[in-house]
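This report sets out the computed features of one protein model for use in computational work. The sequence and the coordinates are shown first.

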Amino acid sequence: MNQQEEIRELQRQAEQLAAEMEMSRRRLSELQEKLRQLSGTGPVPAPPPVQPVAVGDSGGGSLENFIGLRVIHLIGIIVLVIGLSIGVKYAIDRNLVSEAMRIALAYSAGLVLCFLSLRLRRGYSGFSAILFSGGMASLYFTTYASFVYYGMMSFGVAFAVMVLLTFVTTARALQYDRQEIALLGLVGAYAIPFLISSNADRAELFFLYILLINTGILFLSYRRQWKPVGRLAQGITWLLFLGWSSIRFTPGFTGTATLFMSLFFLLFMALAFAGKVLKKHPLTPNDVHQVWFNNMAYYVGLLFVFAPAYEGGDMASVTGLFSAFIALQTGIYFSLNREEKYLRIVHLVFALVLAVLYVVFEWEGITVTLLWLLMSVLIFGWGVWVKSVALRVSGIGLIGLTLLKLLIFDSGSFSPVQKIIAYISLGVLLLVLSFFYQKFRGKIFSEEE
């Protein structure tokens, strides 16, 4: 049990004991009042109420404890960093000190905060962590200023310094056992390429750096079970990649983009399944959503890279292949993780949605309507065969989507013959399904998926 856990446990025991003492005090007051009534004596003064005990950095339960132990120092360090920034800007505007002195003073301020955090860590862990976070933020931005504004560092030196700062931040987050320090290092690390790199053509260096940071985040998230840190890393990484691929991607980057987005995909899949594989922990709904988001981001990235002009044929190819890829994942999950029903359902529905989109991208007109009807029959039949409620409902949902498409979009563009074919086919299918449910309703509604 680490120091923070021990403090929280002591706080819980203290609060429980205080509650028991308060109950005893009230019971004593009742007994004394009854004794006074029976004896006819004057009132017996009640003992003073028992006050709850506040322990160290635990934060307590009162508003004052929350503000005094959690909020004030956090706001204080933010205000201090802002003040240092304003001071540096003022010195620059007034030309009060030389460029080298400005950088030296800013580095000194960050190092002083880090030094104080080390000295105060033993007795004031929470306060020390906030001081360290502020100090690292100062060092990050000072390195940025020395490279961008003054040219006092080369790109390689600035890059190396910031990578070092990121690793130090990660290591200290493990020592403090606090996610907020890890989050600060994470945000600072991902901001580095934008802060210090003016060369937008070196995509391979940019993504190599992001991959390096993500590898550290994967270790940190697994080692301390800090899932929010890993999920935030996944979200930021895909946001950076998709933003780059939508704005700066050119066909010359196809190989680089494919390589790195595939590595990102594999890395975050490993992050999502690490607890399941290594510690035999069942997947939570959030873990399943993380896996789905990773697949979805990978699919969108493939569209940006292989269908940048949003041409129907390219989008159809990417969508059809990725639908098969998701279906393959679903089969693997079914064979290896039969207990993870929610994981299978989410991926199965995703694969079916992509298959429906593939038909839209590849064909048009009544062909789409008839293919959707055929797919709905196959999906529903598959659901009946394997006794899957999710598949049967998906098949019915696709029939409803086909009907909606027919009424809203196709009625104005189809010829009379096409309308006859579409409406008769859809009507017959709906009647067949209705008869099926009427005939086998007892068996269908009693079975479990």
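## Basis of the model

The structure is a predicted model, in which local features need pLDDT of at least 70 and side-chain atom pairs count only at pLDDT 80 or more, while totals for chains, interfaces and linings use all residues. Residues are numbered from 1 along each chain as its sequence is written, and side-chain values use heavy atoms, with hydrogens and water left out.

## Overall fold

The protein chain contains 15 helices and 0 strands. These elements are DSSP runs numbered from the N terminus, with helices being H or I of at least four residues and strands E of at least two.

Of the 449 residues in the protein chain, 40% are buried. Here buried denotes under 20% relative accessible area, exposed over 50%, and partly exposed the range in between, with a 1.4 Å probe and protein chains only. The chain exposes about 25,000 Å², of which carbon and sulfur atoms supply 69%; the areas come from the Shrake-Rupley method with a 1.4 Å probe, and for residues only the protein chains shown count as cover. Among contacts with a separation of 6 or more, 68% join residues 24 or more positions apart, a contact being heavy atoms within 4.5 Å.

## Nonpolar cores

The largest nonpolar core has 57 residues, and those that touch the most other members are F207, W238, F241, W244, F264, F273 and F322. Two or more residues each are given to this core by α5 (155-176), α7 (203-224), α8, α9, α10, α11 and α12. Helix α9 provides the largest share of this core, at 11 residues. A core of this kind is a set of buried Ala, Val, Leu, Ile, Met, Phe, Trp, Tyr and Cys residues joined through side-chain atoms within 4.5 Å.

Not counting residues up to four places away in sequence, W238 touches M261, F264, F265, F268, F293, N294, A297 and Y298. Another core, of 17 residues, lies apart from the largest one and includes A129, M136, L165 and Y176.

## Salt bridges

The structure holds 3 salt bridges, each defined as a side-chain nitrogen of Lys or Arg within 4 Å of a carboxyl oxygen of Asp or Glu. K227, R231 and D287 are linked in a network of such bridges. In the K227 and D287 pair, the N to O distance is 3.1 Å. K227 lies in helix α8 (residues 227-247) and D287 in helix α10 (residues 285-306), so this pair ties together parts that are 60 residues apart in sequence. R231 also forms a salt bridge with D287, with the closest N and O atoms 2.6 Å apart. Because R231 lies in helix α8 and D287 in helix α10, that pair ties together parts 56 residues apart in sequence. D287 is buried, with a relative accessible area of 3%, whereas K227 is partly exposed at 30% and R231 is partly exposed at 26%.

K276 and E340 meet through their side chains in a salt bridge of 3.0 Å, N to O. This pair links distant parts of the chain, 64 residues apart: K276 is in helix α9 (residues 254-278), and E340 is in the loop between α11 (312-336) and α12 (341-362). K276 is buried at 13% relative accessible area, and E340 is buried at 7%.

## Helix α13

The 21 residues of α13 should span 30 Å at 1.5 Å a residue, which agrees with the 30 Å between its end C-alpha atoms. The expected span is 1.5 Å times one less than the number of residues. The buried residues of α13 are I366, V368, T369, W372, L373, M375, S376, I379, F380 and G383.

S376 belongs to helix α13 (residues 366-386) and is buried, with a relative accessible area of 0%. Leaving aside neighbours within four places in sequence, S376 is in contact with G395, L398, I399 and L429. Just after α13, K387 takes a positive phi of about 55°.

## Nonpolar surface patch

L401, L403, L404, L407, I408, F409, Y423 and L430 form a nonpolar patch on the surface, with about 740 Å² of accessible area together. Patches are made of residues with over 30% relative accessible area and no salt bridge, with like charges joined within 9 Å and nonpolar side chains (Val, Leu, Ile, Met, Phe, Trp, Tyr) within 5 Å.

Helices α14 (389-410) and α15 (416-444) each supply at least two residues of the patch, and α14 gives the most, with 6 residues. Y423 is found in helix α15 and is partly exposed, with a relative accessible area of 34%.
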